[in-house]
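Let's walk through this protein together, from its overall make-up to a few pairs of side chains. Have the sequence and the 3D view at hand.

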Amino acid sequence: LLLLTAALGATAAARCPAPCVCDNLRAHVLCLNGSLMAIPDTTPELTKKLDLRGNSFMVIPAGAFLATPYLTHLDLQRCKVERLEEGAFRGLGRLVYLNLASNSIALLYQESLDGLFSLQQLILEGNRIEEIQPGAFGHLGSLTVLDLRANALVYLPDMVFQGLQVLRWLRLSHNALHVLGSEAFAALPALRRLSLDHNELQALPGEALARLDGATRLDLGHNPITYVAEEALAMASLRHLFLDHASLQDVAPDAFARSPQLRVLDLRQNQLQGLPPLAGAGGLARVSLDGNPLLCSCLLRPFHKWLARARVQAEGACAAPPALRGRSLDSLKPPEMRCGRLRTPPSPTTPLEQPRAAGSRQCPRGCVCSPDFHHGSCENRDLREIPRDFPRDTRLLDLHRNPFRTVPPDAFPGLKELVSLHLQSCSIRALHPGALRGLESLVYLYLTDNHLSTLAAAAFEGAPQLAYLDLDHNAFTHVPAGAFRLLPNLISLHLQHNAIGELAEGDLAGARGLRWLYLAGNAIRHIAPAALAPTKMLEKLQLEGNHLSEVPTAALWGLPALSELKLSRNPIKHIGDSVFLPVASSLQHLYLDNMGLERISPHAFTGLGPKIRSLYLESNKMSNIPDMSNFTGLEILNLQDVPFHCDCELLPLRRWINKLNLRVGATCGSPAEARGLKVKLSTIFLTCPGWGRGEAGETNRNKTKAASKPSKKKRSGKSPARGFSKSRA
């Protein structure tokens, strides 16, 4: 057995792929922040933990990990992954942890995660997921944690999480959710915690939440909810409810009567002037009201008496009248709470819920209609005209890969509940005025891979809720000016891989709620100073792969929320002073890689500082970079394939990166004697004026480590501890 183990270890060591580090004793392989373009196929078969963070895979193909069937942990963070092919993880039946955070995945298909029947944690935070097809998680019967934070979700269809029988924590924070199917959470019997904070929910989604009998904690903070209605929440096991930083103006007395186990209610930072006695919440122990404009008049006495009678601890202070301003609720006495002329503002009215008509069960010939999921599909049926007579309660309609060529007026009669419409690859050249008329619930419209070259605003008449519009891979030579005037709720606009030559003033008129604008892969040479002016809420601007020759500084003014700017693969040779100043207070992620960049001015990053979390400068031609010592919040810094000239002028950079707990990949390109050496390890700095004794000692230690480190092919013992530390990049 010992001989066999040794033989397997030797074989594994011999197969360690470059430029990876293999720890055969622990069966770990690390290939961090490299230039890998494909999953390495020479990874030792017995590998259990594979860390591939910071590479450039773009697509995870089917069967990508068949050579490593013993994997239990797989980390693919920051690998620029855009697509998971069906069967990508097939063969990984032992995998328990999969991290796909900080990639560019936009859609999860039904078979994307096939084969992961032992998976317990799935991290998809920080992608571009706009839609999840029901069944995408159907093979993950062991999953306990699903992290979908910071994606682009607007809608959750019914049964979308079907198959997750043991899931305990579902994280949906920091999306743009405002539509939840009534059965969205119906298949989650073991769920204990649901995070829905930082979304766009305008009302408590009571019908959807009522399916969660076992959930004990619900996070709904940072949603624009104004009112909690009578018996709005029916969650039998709920103990902790967070509704902080919302827009609450009123709460009904029996709002929580059907959540008898509720113990903690967090209502901080709302617009509440008072509360009624919450008689229905008999088990409540604490209510947090800090940050509300509480009016401590006689109108608050019933609530105050109820607090004492029910022995509920209340946190909060009076905002009025002036005599009581700042007084804590628990210090008040009833006689102090007088009315005088004060009047309470009227409570917001609760809109009456309209009865939902049951959808009929007809289905056009040649199509498939699912009454359980409310889906209709006529995919790839060689249809020349858009079929009609779908069930009236259809919510997702998939018509892609049919040669329709045109979408006529009133093409989708009776589909008032339709949320998602797929018209990709349909040879569409014209979307006629009124084509979407009547689709009053439509949120997603996919028109990718068609032949559209123009759009009129009237084409979107009757679809006011449209939030996601995908026009990638069409024939636009300019942004269809004024086309978005009838789309007040548009959040995400995709115009990638068209032939757009410039972004002109007025092109985005009406898109006042736009948050994400994707313009990669066009031919944009110029952006007018006022072109982005209507999009004051813009958070992401992706301009990679265009023909810009300079940073469009003038167009960035008036974008106070912009957090991500991608300028990769533009022929920008020089970055001047203060070019990012207009967005310096909000920018967190900056992409300047693969541009052939030759020079960065000393003050190019003026205004930027601790807020910057990631900076990509790899694959450029400059030999030095300006001082970035105030970038104290960096989590990712990529300086690979930059030909740094390692002389004394580079000493400040060397000192700075030596202090970072990051793998930056900086290497010397010149002089000849230093070429190929890591900047951190180069001895050329020893002769520089001001070189400190402590720095010299550190360099000598690095040299000793580098000289004594066994080659990767012969490595069989433990790798250096820092190779497996929690270094973030």
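Helices (H or I, at least four residues) and strands (E, at least two) are DSSP runs, numbered from the N terminus. With that in mind, take residues 15-49: this span is 0% helix and 20% strand, and its end C-alpha atoms lie 16 Å apart.

A word on the ground rules. This is a predicted model, where local features need pLDDT of at least 70 and side-chain atom pairs count only at pLDDT 80 or more, while totals for chains, interfaces and linings use all residues. Residues are numbered from 1 along each chain as its sequence is written, and side-chain values use heavy atoms, with hydrogens and water left out.

Stepping back, the protein has five helices and 45 strands.

Where do the nonpolar side chains gather? A nonpolar core is a set of buried Ala, Val, Leu, Ile, Met, Phe, Trp, Tyr and Cys residues joined through side-chain atoms within 4.5 Å. The largest nonpolar core has 105 residues, and Phe412, Leu421, Leu469, Ile575 and Phe580 have the most contacts inside it. Helix 4 (residues 651-659) gives this core its largest share, four residues. A second, separate core of 102 residues includes Leu119, Ala252, Leu278 and Val287.

Now for the aromatic rings. Rings of Phe, Tyr and Trp (its six-membered ring) pair if their centres lie within 6.5 Å; planes under 30 degrees apart count as stacked, over 60 as edge-to-face and the rest as tilted. The whole structure holds 11 aromatic pairs. One of them is the stacked pair of phenylalanine 161 and phenylalanine 185, at 6.2 Å centre to centre and 5 degrees between the planes. Both phenylalanine 161 and phenylalanine 185 are buried.

Tyrosine 444 and tyrosine 468 are stacked too, with 5.2 Å between centres and 25 degrees between planes. Tyrosine 444 belongs to strand 31 (residues 444-446) and tyrosine 468 to strand 32 (residues 468-470), so their pairing ties together parts 24 residues apart in sequence. Tyrosine 444 is buried at 0% relative accessibility, and tyrosine 468 is buried at 2%. Ring pairs link Tyr155, Tyr444, Tyr446, Tyr468 and Trp516 into a cluster.

Methods. Buried means under 20% relative accessible area, exposed over 50%, partly exposed in between (1.4 Å probe, protein chains only).
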